[in-house]
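Student: Could we go through this protein together, one question at a time? I would like to see how each answer is reached.

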Amino acid sequence: MFKTIIEPFRIKVVEQIKMTTPEQRQEMIQAAGYNIFALRSDDVIIDLLTDSGTGAMSAEQWSGIMRGDESYAGSPSYFRFRDSVQDITGFEHIIPTHQGRAAERILFSVMCKEGDVVPNNSHFDTTRANVEFRGATALDLPSPELADMDSDRPFKGDMNVDRLRAAFAEYGADRIPLVMLTVTNNSGGGQPVSMANIREVSAVCREHNTPLYLDACRLTENSYFIKQRETGYADKTVRQIVREMCDLTDGCTMSAKKDAIVNMGGFLATRDAELAQEEKNLLILTEGFPTYGGLAGRDLEALAVGMQEAVDEDYLHYRIASTRYIGDHLREAGVPLIWPPGGHAIYLDARRFAAHLEPIQLPGVSVAIALYLLGGVRACEIGTLMFGRRNSETGEEIAGPRELVRLAIPRRVYTQSHMDYVIEVVIKAFQEREGLPAYRIVEQAPFLRHFSAKLEPVR
Ligand code: F0G
């Protein structure tokens, strides 16, 4: 009836934002070696570095925190957590972990061996790193539709099923211990995966007797996209859609720092009792006893509540619409971005944004720093700084596959006026794009260099 979509919550506690001037920010970014990861977060006005662990918990979650039972073994908080996750996903064995990557490490340690191949629509960095740490190969099989940043296709996050079949033919099922689907596809611009694709991938896996796992961080956002966009799902509830997705798979890893709106936590889930036992044995080595797995009882309580809030459709409606709102306004102003907007983030295309810069001149860094200098907005480069490398023999810089800048939206944290401000800042940077300087790396670590590199503008 009304066109304004309001935040479906009221604000009871506020956190002061420290306002800064462009001059102060110039000093701060210089002191940070022009690396946005080296900024202090209280020197940032709007922090869009990640949507992970940065959400605002609800009054119900904070109430759960007070109820947390910190017993070493058999805590009621564990059972409430387990029941809630089982209720949403239908998976039988639920193993708590301190975050997503801990679940990944345990899963791949148990399931993979050297020489194996793990297909995924697109591996997230930690997922890839954990597969490779086992001596296995992380194989990305994105949909060809993902290559076209501007098309309006509804499910660009899908896996390429022809290539999955080809992978089974090439490596044989013996070398593919599991297949994974990342929902939504974070490395692929936050694009959703369709139920039709999950069904097809699941059928190929069944043919080869190979388990299918979800990387389920953004499971409920993906489900909401299915409800909105896929034929036959408009009248189903998100809860039903989540369950249908899980029913097509054998287990999942979950970083609950995303859709389950907790600041820390995750889990590993499976239907296989024997596998679960092996996983728990490993869990005890590094994470903790299986009824807490590296989390405090209070964290388990917040997670139990967060899983239920994550399927609330008024919340998801606001969540997806507010990300879309930013995308619509930026596109209208001609700002190049991955289209359609994802659920949790907007991805600017720095290649076209700063078209006068070559990839090795770090256009993504240049755009991200401009957003900080202009408006104190912190975004994350996903480009040559993150995925390029330096040839250790020749010293030559090698470009990454794309130049993106991700504006990830924390859950329930910012209001529409914060986002109007972000839109203004991005449009201003775009208007001044011809003056964006090149950057070069002056100091870098041999791997994951983006976290610690020192840079400087080339004038
Ligand atoms: N899988 C996906 C798809 C992710 O996006 C992340 C984290 C993880 C796994 C790992 O989870 O951080 O709890 O260990 N993504 C964050 C991001 C860090 O900013 O996109 P974790």
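Tutor: Before we begin, helices and strands here are DSSP runs, helices of at least four residues and strands of at least two, numbered from the N terminus. Please keep in mind that this is a predicted model.

Student: Where does Ile261 lie, and is Ile261 buried or exposed?
Tutor: Ile261 belongs to the loop between strand S7 (251–255) and S8, and its phi is near 50°, a positive value in a residue other than glycine. Most residues other than glycine have a negative phi. Buried means under 20% relative accessible area. Because its relative accessible area is 1%, Ile261 is buried.

Student: Phi of Asn209 is positive as well, so is Asn209 buried or exposed?
Tutor: Asn209 has a phi near 60° and is placed in the loop between H7 and strand S6 (212–215). The cut-off for an exposed residue is over 50% relative accessible area. Since the relative accessibility of Asn209 is 72%, Asn209 counts as exposed.

Student: Which domains does the chain have, and how many residues of domain 2 are in contact with domain 1?
Tutor: The domain assignment gives domain 1 (22–51 + 312–458) and domain 2 (59–309), and their C-alpha centres lie 27 Å apart. On the side of domain 1, 27 residues take part in the contact, and on the side of domain 2 the number is 31.

Student: Which residues touch the most other members of the largest nonpolar core, and where does this core lie?
Tutor: The largest nonpolar core has 59 residues, and Val179, Val201, Phe267 and Leu303 touch the most other members. Because domain 1 and domain 2 both give residues to this core, the core lies between them. Apart from it there is another core, of 33 residues, among them Leu48, Ile409, Met419 and Phe430.

Student: What does Val201 touch?
Tutor: Here we leave out residues up to four places away in sequence. With that condition, Val201 touches Met159, Val161, Leu164, Val179, Leu181 and Leu212.

Student: Why does the span of helix H3 agree with its number of residues?
Tutor: Helix H3 (residues 76–89) has 14 residues, and at 1.5 Å a residue they should span 20 Å. The expected span is 1.5 Å times one less than the number of residues. The end C-alpha atoms of H3 agree with this, because they are 20 Å apart.

Student: Which residues of H3 are buried, and against what do they pack?
Tutor: In H3, the buried residues are Ser77, Tyr78, Phe81, Ser84, Val85, Ile88 and Thr89. They cover an arc of only 135° around the axis, which puts them on the same side of H3. That buried set packs against helix H2 (59–67), strand S2 (93–97), helix H9 (238–247), strand S8 (266–270) and helix H11 (297–309).

Conventions. Residues are numbered from 1 along each chain as its sequence is written. This is a predicted model: local features need pLDDT of at least 70, side-chain atom pairs count only at pLDDT 80 or more; totals for chains, interfaces and linings use all residues. Side-chain values use heavy atoms; hydrogens and water are left out. Buried means under 20% relative accessible area, exposed over 50%, partly exposed in between (1.4 Å probe, protein chains only). The arc is that of the directions from the helix axis to the C-beta atoms. Contact means heavy atoms within 4.5 Å. A nonpolar core is a set of buried Ala, Val, Leu, Ile, Met, Phe, Trp, Tyr and Cys residues joined through side-chain atoms within 4.5 Å. Domain bounds come from an automatic or database domain assignment.
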